[in-house]
Amino acid sequence: MDMEHTDLLEDILRGLPPRALAISRSVCKAWRATVDHCRLLQAGLLPLSLDAVIYNIDKIDAPKLFARRSTTRYITSRLDYLDNRPDYAEVTGEITDYCNGLLLVETDKVANPATRQWASLPPTTCGRCYNNRYLVYDPTVSPHYEAFYVPRVPPDVACSKEWPPSLYVMHVFSSVTNCWRERSFRREGDAAGTMADMNSDFNSDGELYYSAHWQGSLYVPLRHENGDFVMKIKLWNDSYQVIELPKGGRGSLFRLGKSKKGVYCVQDMDGRCTFKIWLLSESHAGAIDWVLNNEICFETARRTYPCKRDSGPWISQTLQQKESLLEEDVNLEVANKYNEAISKDDFEWDSDDENVVTTVDWPKKGTHLFWCLGFHPYKEIALFHDDYRSATFAYYLNSSKVRYLGIMEHEYSDVAISFAYTPCWTMDLPGRK
């Protein structure tokens with residue numbers, strides 16, 4: 001087949017839904033080669049759609065799913081399949097980190113909730129070290145993933161050495177080699193301060209940190225008595241940079257995330273429901289600055305929408321749904337059915353229906369407790385949650401509008417961990433069980 005006809009065939013195949021594309025792939029060798037070479041079938045399998053929030057209400061309970069209605073019929077948040085232990089979901093299920101459809105569970109497992117594939121990580125060489133754990137995974141580039149153990153200052157250490165050090169040695173696992181190795185990152189610019197000034201509360205062993213993976217760099221938070229910082233770890237050249245976070249808020253309550261335009265920081269200004277949302281501006285010349293994008297108080301939101309189960313387009317997954325899904329096998333056909341169901345779903349992020357309201361005239365202060373659950377990775381949207389009424393909202397960063405999603409149930413307990421979840425249906429997890 002000549003180049004002209006190949007391009008025409010590619011254009012036609014790109015317009016097909018996943019199931020029709022899978023059937024077309026079996027027509028002949030030329031069609032199969034076109035589908036595989038252009039990775040057309042992969043588009044429906046990659047984590048390109050925000051369909052849920054996956055969360056823990058405590059660190060020993062099973063993860064829960066708040067999602068589009070179609071998603072709750074195909075994906076379970078239970079982790080019973082790990083280690084083939086039927087009691088796993090009830091005994092331990094701490095999510096340590098998340099990246100593009102893949103979970104880091106506890107310290108030694110990765111799991112894909114959509115495909116229910118999982119893999120074990122070998123023991124680290126650092127033993128009982130104080131570290132923060134992060135996952136880097138981009139299936140649009142490669143099926144392989146990395147886990148980063150970033151050492152932190154142990155408790156009760158007080159010395160005048162600068163922190164982070166000029167050469168930061170981290171423990172990195174790669175699924176390519178299936179082993180851990182020490183990897184050194186060279187600091188560019190100044191340190192945050194000294195080891196003695198590190199905040200011991202923020203660096204306690206049970207603390208969770210939210211990171212962001214953007215354009216080949218891993219952004220992780222760092223707490224210091226001199227202020228709050230972010231480390232930009234440049235994975236392509238093994239260097240890192242310390243960036244100061246915006247001042248003025250309650251330092252213990254901030255969250256990093258990635259959206260369409262880049263890396264964001266949500267800063268809690270009063271410990272209740274008033275937030276500032278900052279965008280990290282990075283120029284080609286190397287200048288870095290935080291730009292205030294939004295300021296919002298959600299007090300009015302809790303009075304605007306109903307507090308009723310099943311009152312929104314998203315719902316909490318039931319126990320019956322979770323258990324029934326575990327009895328079904330996951331394969332490419334299931335992935336295609338899921339994509340078809342999502343395409344027929346009446347939920348659209350860009351919709352401007354009656355549930356979307358402007359926040360321009362809302363007051364700037366309130367008393368009720370809200371949390372940021374995460375960001376839409378491909379649209380300018382942040383997710384927030386009313387801790388008391390369990391109502392969950394999408395906040396549109398470009399228009400300052402709010403949309404009610406539904407009731408995210410958490411049984412009168414605080415949400416300990418939450419991630420905006422983009423299902424990944426690729427079934428090639430390295431080291432999978």
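Colleague: Leaving aside neighbours within four places in sequence, which residues is D387 in contact with?

Modeller: Those partners are L369, W371, H410 and D414. Keep in mind that this is a predicted model. As for its place, D387 is in the loop between β24 and β25 (391–396).

Colleague: How do I read the charge on D387, and which side chain of opposite charge is nearest?

Modeller: For a salt bridge, a side-chain nitrogen of Lys or Arg has to be within 4 Å of a carboxyl oxygen of Asp or Glu. D387 is buried but has no salt bridge, and its nearest side chain of opposite charge, R272, is 7.5 Å away. What D387 does have is a polar contact of 3.4 Å with the side chain of W371.

Colleague: Then how many salt bridges does a search of the whole structure find?

Modeller: The search finds 11. One of them is between the side chains of D345 and R68, at 3.6 Å from N to O. That pair links distant parts of the chain, 277 residues apart: D345 is in the loop between α8 (332–344) and β22, while R68 is in strand β2 (residues 64–68). D345 and R68 are both buried, and together with D51 they are linked in a network of salt bridges.

Colleague: What about E188, and how far apart are the closest N and O atoms in its salt bridge?

Modeller: E188 pairs with K234, and the closest N and O atoms are 2.7 Å apart. Here strand β11 holds E188 and strand β15 (residues 227–234) holds K234, so to speak two distant parts of the chain, 46 residues apart. To label burial, under 20% relative accessible area is buried, over 50% is exposed, and partly exposed lies in between. E188 has 25%, so it is partly exposed, whereas K234 has 11% and counts as buried.

Colleague: On to rings. How many aromatic pairs are there?

Modeller: The count comes to 24. To name a pair, look at the angle between the planes: under 30 degrees is stacked, over 60 is edge-to-face, and the rest are tilted. Y98 and F419 are tilted, with 5.7 Å centre to centre and 35° between the planes. Y98 lies in strand β3 (residues 95–99) and F419 in strand β27 (residues 417–421), so this pair ties together parts that are 321 residues apart in sequence. Y98 and F419 are both buried.

Colleague: Are the planes of F275 and F384 stacked or tilted?

Modeller: Tilted, because their planes are at 55°; the ring centres are 5.0 Å apart. F275 is in strand β19 (residues 274–282) and F384 in strand β24 (residues 381–386), 109 residues apart. F275 is buried at 3%, and F384 at 0%. Ring pairs also place these two in a cluster with F298, F370, F393, Y395 and Y404.

Colleague: Which charged end sits over the ring of Y210?

Modeller: That is R255, 3.6 Å from the ring centre. Another case is R133, which lies over the face of Y149 at 5.9 Å from the ring centre.

Colleague: Now the backbone. Which residues does a cis peptide bond join?

Modeller: W163 and P164, with omega about -5°. P164 is in the loop between β9 (162–163) and β10 (167–174). For phi, look at N178, which has a positive value of about 60° although it is not a glycine. N178 is partly exposed, at 48%. Q215 also has a positive phi, near 50°, and is not a glycine either. With 65% relative accessible area, Q215 is exposed.

Colleague: One last stop, then. Where is P47?

Modeller: P47 is in the loop between α3 (29–37) and β1 (52–56). It is buried, at 1%. The C-alpha atoms of P47 and W425 are separated by 7.5 Å, although the two residues are 378 residues apart along the chain.

Technical notes. Residues numbered from 1 in each chain as written. Predicted model: local features only at pLDDT ≥ 70, side-chain atom pairs only at ≥ 80, totals over all residues. Heavy atoms only, no water. Phe/Tyr/Trp six-rings, centres within 6.5 Å; stacked < 30°, edge-to-face > 60°. Helix = DSSP H or I, 4+ residues; strand = E, 2+ residues; numbered from the N terminus. Buried < 20%, exposed > 50% of the residue type's maximum accessible area, 1.4 Å probe, protein only. Lys NZ or Arg CZ within 6 Å of the ring centre and 35° of its normal. Lys, Arg positive; Asp, Glu negative; His and termini not counted. Polar contact = N/O pair within 3.5 Å; in protein donor to acceptor, adjacent residues only side chain to side chain. Contact = heavy atoms within 4.5 Å.
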